[in-house]
Amino acid sequence: MFTRTYKNSSEKISLLGFGAMRLPVVNVETQEIDVPLATSMLDDAWNHGVNYFDTAYPYHFGQSEIVVGEALSKHPRDSFYLANKMPVWMTRTADDVKRIFNEQLQKCRVDYFDFYLLHNLSAPKMPRVESLKTYEFLAEQKKEGRIRHLGFSFHDTPQALRPIVDRYAWDFAQIQLNYLDWELLDAKGQYEILTEHELPVVVMEPVRGGALSSLSPEAVEILQTANPYVSTTSWALRFAASLPNVLTVLSGMSTPQQLADNIHVLSAFQPLTPLELETIEKAVVAYRAASPIPCTGCRYCMDCPSGVDIPKVFAVYNHYLTTQRESEFLGGYFMLGEQHQAHQCVACGACLTQCPQHIDIPKQMGEIAHAFGQITKPDWFG
């Protein structure tokens with residue numbers, strides 16, 4: 001496995017990081033993890049040289065930390081780097097911060113975290129961080145050896161990023177970075193700010209929640225014509241990994257096949273050539289022409305007070321936008337169940353402040369409900 005060195009240390013971090021947000025499940029609704037399969041994948045990753053594992057308190061409704069901790073406990077502690085996160089939005093008191101951190105150590109079966117982050121930090125969350133002295137508590141844990149490197153994850157604009165970078169002494173940062181968001185969400189600007197401050201970058205959403213693995217047919221044709229022997233996913237992984245200040249690229253892998261492909265790509269890693277970068281630019285133009293909604297499936301918008309399963313609605317509709325196959329749209333949409341469909345949205349706005357992609361969710365729900373109504377009008381059934 002290709003590795004990168006953390007700053008001026010002896011720590012060699014695998015270029016592929018295992019993101020434990022999308023582990024294989026036996027029940028999509030409850031997010032119950034398929035423990036034997038997930039454990040097998042985590043072991044396989046470790047056996048192939050992946051040594052960076054990323055989990056978080058809310059992933060899989062609290063089960064990700066347990067499964068990751070159990071799987072990694074079989075291996076020597078100094079053979080892997082474990083990252084975890086403080087869910088800032090779930091803390092109300094300083095005692096909450098302390099309780100959650102100690103609970104995470106216990107669930108993960110470790111005495112320390114190699115990398116620890118304030119989860120999904122943003123300007124609106126900073127007053128809470130400051131009032132609860134969250135950073136100060138975590139900095140103290142670092143002094144005591146329970147945290148090796150302290151950073152934050154971030155979904156916002158470069159303008160919002162700079163004050164956060166300047167506020168505290170950080171060791172690293174984790175941002176959403178992929179070839180679609182490089183310009184769309186100005187991931188380039190975020191990357192440049194972090195590089196300017198000499199903060200190593202951990203990449204999340206390199207495949208944009210799987211969207212860059214299942215592009216529009218036009219975009220796929222462009223990539224396959226350029227190189228018919230590699231997966232569409234490999235282009236996305238190599239784009240992120242080609243940036244010199246990227247420490248590791250997290251991939252939320254749900255199947256052994258995804259794991260095998262990602263290991264193959266980043267074990268024999270080759271940076272993108274100028275010609276390959278031009279190919280990606282052409283694919284992006286073709287993909288954006290299909291106007292997909294920029295949802296990564298992170299589920300930060302959930303639970304919806306009205307019962308709408310926002311990420312699933314977007315996933316079904318995005319697939320329709322890129323394929324234009326009405327039968328698949330109807331089939332997937334009906335399978336959501338009426339109580340979870342777009343027309344249940346009452347535009348309460350509860351989701352708007354939670355969406356890292358800043359999607360106007362109520363507006364999109366209205367448009368999706370309208371599209372569904374148009375397709376299912378009586379004459380469609382003949």
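Biologist: With which residue does Arg22 form a salt bridge, and how far apart are the closest N and O atoms?

Modeller: The model is a predicted one. In it, Arg22 pairs with Glu205, and the closest N and O atoms are 3.3 Å apart. A nitrogen of Lys or Arg within 4 Å of a carboxyl oxygen of Asp or Glu is what qualifies as a salt bridge, so this pair is included.

Biologist: Where in the chain do Arg22 and Glu205 lie?

Modeller: They belong to distant parts of the chain, 183 residues apart. Arg22 is in the loop between strand 3 (16-19) and strand 4 (25-27), whereas Glu205 is in the loop between strand 11 (201-204) and helix 9 (217-226). Glu205 has a relative accessible area of 9%, so it counts as buried, the limit being under 20%.

Biologist: How many salt bridges does a search of the whole structure find?

Modeller: The search finds 16. One of them joins the side chains of Lys85 and Asp54, at 2.7 Å from N to O. Lys85 is in strand 7 (residues 81-86) and Asp54 in strand 6 (residues 52-54), so this pair ties together parts 31 residues apart in sequence. Lys85 is buried at 0% relative accessibility, and Asp54 is buried at 3%.

Biologist: Which residue does Asp181 meet in a salt bridge, and are the partners buried or exposed?

Modeller: The side chain of Asp181 meets that of Arg208, at 2.6 Å from N to O. Asp181 belongs to helix 7 (residues 181-184), and Arg208 to the loop between strand 11 and helix 9, 27 residues apart. Asp181 is buried, with 0% relative accessibility; Arg208 is buried as well, with a relative accessible area of 3%.

Biologist: Which residues are linked in a network of salt bridges?

Modeller: The network links Glu29, Arg299, Asp309 and Lys312.

Biologist: Turning to nonpolar residues, which members of the largest nonpolar core touch the most other members?

Modeller: In soluble globular proteins, nonpolar side chains tend to be buried together. Here the largest nonpolar core has 88 residues, and Phe18, Phe152 and Leu177 touch the most other members. Helix 10 (residues 232-241) supplies the largest share of this core, six residues. A second, separate core holds 26 residues, among them Ile310, Val316, Leu321 and Leu336.

Biologist: What does Leu177 touch?

Modeller: Leaving aside residues up to four places away in sequence, Leu177 touches residues that include Trp182, Tyr191, Val203, Met204, Phe239 and Leu243. Glu205, the salt-bridge partner of Arg22, is also among the contacts of Leu177.

Biologist: How is the packing of helix 1 and helix 11 described?

Modeller: Two packed helices are described by the angle between their axes and the distance between the axes. For helix 1 (residues 35-47) and helix 11 (residues 256-267), the angle is about 10° and the axes are 10 Å apart. Helix 1 is therefore roughly parallel to helix 11. Leu37, Met41, Asp44 and Ala45 in helix 1 meet Pro256, Leu259 and Ile263 in helix 11. The residues of this contact comprise six nonpolar, no polar and one charged.

Biologist: How many residues of helix 2 are buried, and what do they pack against?

Modeller: Helix 2 (residues 64-72) is mostly covered, with seven of its nine residues buried. These are Ser64, Glu65, Val67, Val68, Gly69, Ala71 and Leu72. The buried residues of helix 2 pack against strand 5 (32-33), helix 1, strand 6, strand 7 and helix 3 (94-108). Strand 6 and strand 7 are the strands that hold Asp54 and Lys85, respectively.

Note on methods. Residues are numbered from 1 along each chain as its sequence is written. This is a predicted model: local features need pLDDT of at least 70, side-chain atom pairs count only at pLDDT 80 or more; totals for chains, interfaces and linings use all residues. Side-chain values use heavy atoms; hydrogens and water are left out. A nonpolar core is a set of buried Ala, Val, Leu, Ile, Met, Phe, Trp, Tyr and Cys residues joined through side-chain atoms within 4.5 Å. Buried means under 20% relative accessible area, exposed over 50%, partly exposed in between (1.4 Å probe, protein chains only). Helices (H or I, at least four residues) and strands (E, at least two) are DSSP runs, numbered from the N terminus. Contact means heavy atoms within 4.5 Å. Axes are lines fitted to C-alpha atoms, for helices over the stretch in contact, and angles run from 0 to 180 degrees between N-to-C directions. Angles under 35 degrees count as roughly parallel, over 145 as roughly antiparallel, 65 to 115 as roughly perpendicular and the rest as oblique. Ala, Val, Leu, Ile, Met, Phe, Trp, Tyr, Cys and Pro count as nonpolar, Asp, Glu, Lys and Arg as charged, and the others, Gly among them, as polar.
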